[in-house]
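The exercises below ask you to read a structure step by step, and each task is followed by a worked solution.

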2 protein chains.
Amino acid sequence: MSANATRLVGPAAKPARHRAILSLVRGGIIRTQEDLVAELHRRRFPVTQATVSRDIRELGLLRVHDDAGSRYMAPVAELDVEQTMQRLRNAIREHVQAIEFVDLLGIVHTAPGCAPLVGGALDGSRFEEVAGTIAGDDTVLVIARSRPAAQRLLLRLNSITEEEG
Amino acid sequence: MSANATRLVGPAAKPARHRAILSLVRGGIIRTQEDLVAELHRRRFPVTQATVSRDIRELGLLRVHDDAGSRYMAPVAELDVEQTMQRLRNAIREHVQAIEFVDLLGIVHTAPGCAPLVGGALDGSRFEEVAGTIAGDDTVLVIARSRPAAQRLLLRLNSITEEEG
DNA sequence: CCCGTGACTGCATAAGTATGCAGGATTGAC
DNA sequence: GTCAATCCTGCATACTTATGCAGTCACGGG
């Protein structure tokens, strides 16, 4: 084998490089993909911006704005739209007994003790229609942003109940 | 006044436009600034991509990756680095009595009942060094990712205690 | 009224990111 | 070994975003 042992290269390097990237964005401030390329070179990963672009997508990194510009950040499970919706579907199907709206207020009846779980799933879904929720023991109060929003929300929640799994 | 009442234009339009942008990114899928420009035009905000770029920075929008590409998302308080660090500083200064490390484990003694608050603040800070935390009533257990990480973490937490207000 | 100031924006373009394509490496079947 | 299929990557470039500069407008002071 003639591979240069000081360079982390080839298909096998990808998982290691991904770990390095996560560590870099968690540990320091990475503003551009070129920053990342430079840091990776220092760690013996001889890659280009194109590869880093693909890595970033595969890792699901976030780009956030701060007052000095924007930077990359490690992914946050709470922002994964699909995962979050799945959680809401499960919560509704398994623990919700009834949903009713009175004007702007949605009253969601759940199994005893399950209200916080359902409320959390609703919060996590960040529906445009929802201003906020309050969870008791077996009831979640959902405050809609407007009457049309309340109507849309009811439809949306009902459609979740009706989907097949 | 000769202003065209059907166009939302001029300095006064900015706050309204910002609200519209937030609503758009919460309500639908916005993948590029040009998408946003198009939607804003439909809502009578005759702006260009340059202005939208500035708006996005001012609003602190996030860019997240999903399997179809990337999209914009409304800001999430939990990701605001400064706010999160401030919360940690407050939590440590007000409720923490002692910090000690045993190998990879940090033992943080807090006032009675305050451990969950302190643990939450630590989680929120997403330190690279921290694998996770467990909060009881008056103690938070912090699991570091490695021994060097544990040492760095101890320094970091101590430096928070010592900062001035 | 005239001027200075500050906020806001568009234009043009620089800066940064994503991707079609092709080549090299690896794996597994035969 | 040979071949096909797959994965990974770089190159070049298309696409997307950020920004220096200059112009417009509203406001307040003189």
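**Exercise 1.** Describe how helix 1 of chain B and helix 2 of chain B cross, and state which residues make the contact.

*Solution.* Begin with the handedness: in this predicted model, the crossing of helix 1 of chain B and helix 2 of chain B is right-handed. Next, identify the contact, to which helix 1 of chain B brings B:Arg17, B:Ala20, B:Ile21 and B:Leu24, while helix 2 of chain B brings B:Leu36, B:Glu39 and B:Leu40. Sorted by class, these residues comprise 5 nonpolar and 2 charged ones, with no polar residue.

Then turn to the geometry. Two packed helices are described by the angle between their axes and by the distance between those axes. Here the axes of helix 1 (residues 13-27) of chain B and helix 2 (residues 33-42) of chain B cross at roughly 120° and come within 11 Å. Angles of 65 to 115 degrees count as roughly perpendicular and those over 145 as roughly antiparallel, and the two helices of chain B are therefore oblique to each other.

**Exercise 2.** State which pattern of helices and strands chain A follows, and what its radius of gyration is.

*Solution.* First count the elements: chain A has 6 helices and 6 strands, which follow one another along the sequence as α-α-α-β-β-α-β-β-α-β-β-α. Then consider the dimensions: chain A has a radius of gyration of 22 Å, whereas a compact globule of 165 residues would have one near 15 Å. The C-alpha trace of chain A spans about 70 × 40 × 25 Å along its principal axes. Finally, consider burial, for which 22% of the 165 residues of chain A count as buried.

Conventions. Residues are numbered from 1 along each chain as its sequence is written. Chains are lettered from A and ligands numbered from 1 in the order in which they are written. This is a predicted model: local features need pLDDT of at least 70, side-chain atom pairs count only at pLDDT 80 or more; totals for chains, interfaces and linings use all residues. Helices (H or I, at least four residues) and strands (E, at least two) are DSSP runs, numbered from the N terminus. The radius of gyration is taken over C-alpha atoms; the globule rule is 2.2 Å times the number of residues to the power 0.38. A residue is buried if 20 or more other C-beta atoms lie within 10 Å of its own, exposed if 12 or fewer, and partly exposed in between; C-beta atoms are placed from the backbone. Axes are lines fitted to C-alpha atoms, for helices over the stretch in contact, and angles run from 0 to 180 degrees between N-to-C directions. Angles under 35 degrees count as roughly parallel, over 145 as roughly antiparallel, 65 to 115 as roughly perpendicular and the rest as oblique. A crossing is left-handed if the near helix is turned anticlockwise from the far one by less than a right angle, and right-handed if clockwise. Two residues are in contact if their C-beta atoms, placed from the backbone, lie within 7 Å. Ala, Val, Leu, Ile, Met, Phe, Trp, Tyr, Cys and Pro count as nonpolar, Asp, Glu, Lys and Arg as charged, and the others, Gly among them, as polar.
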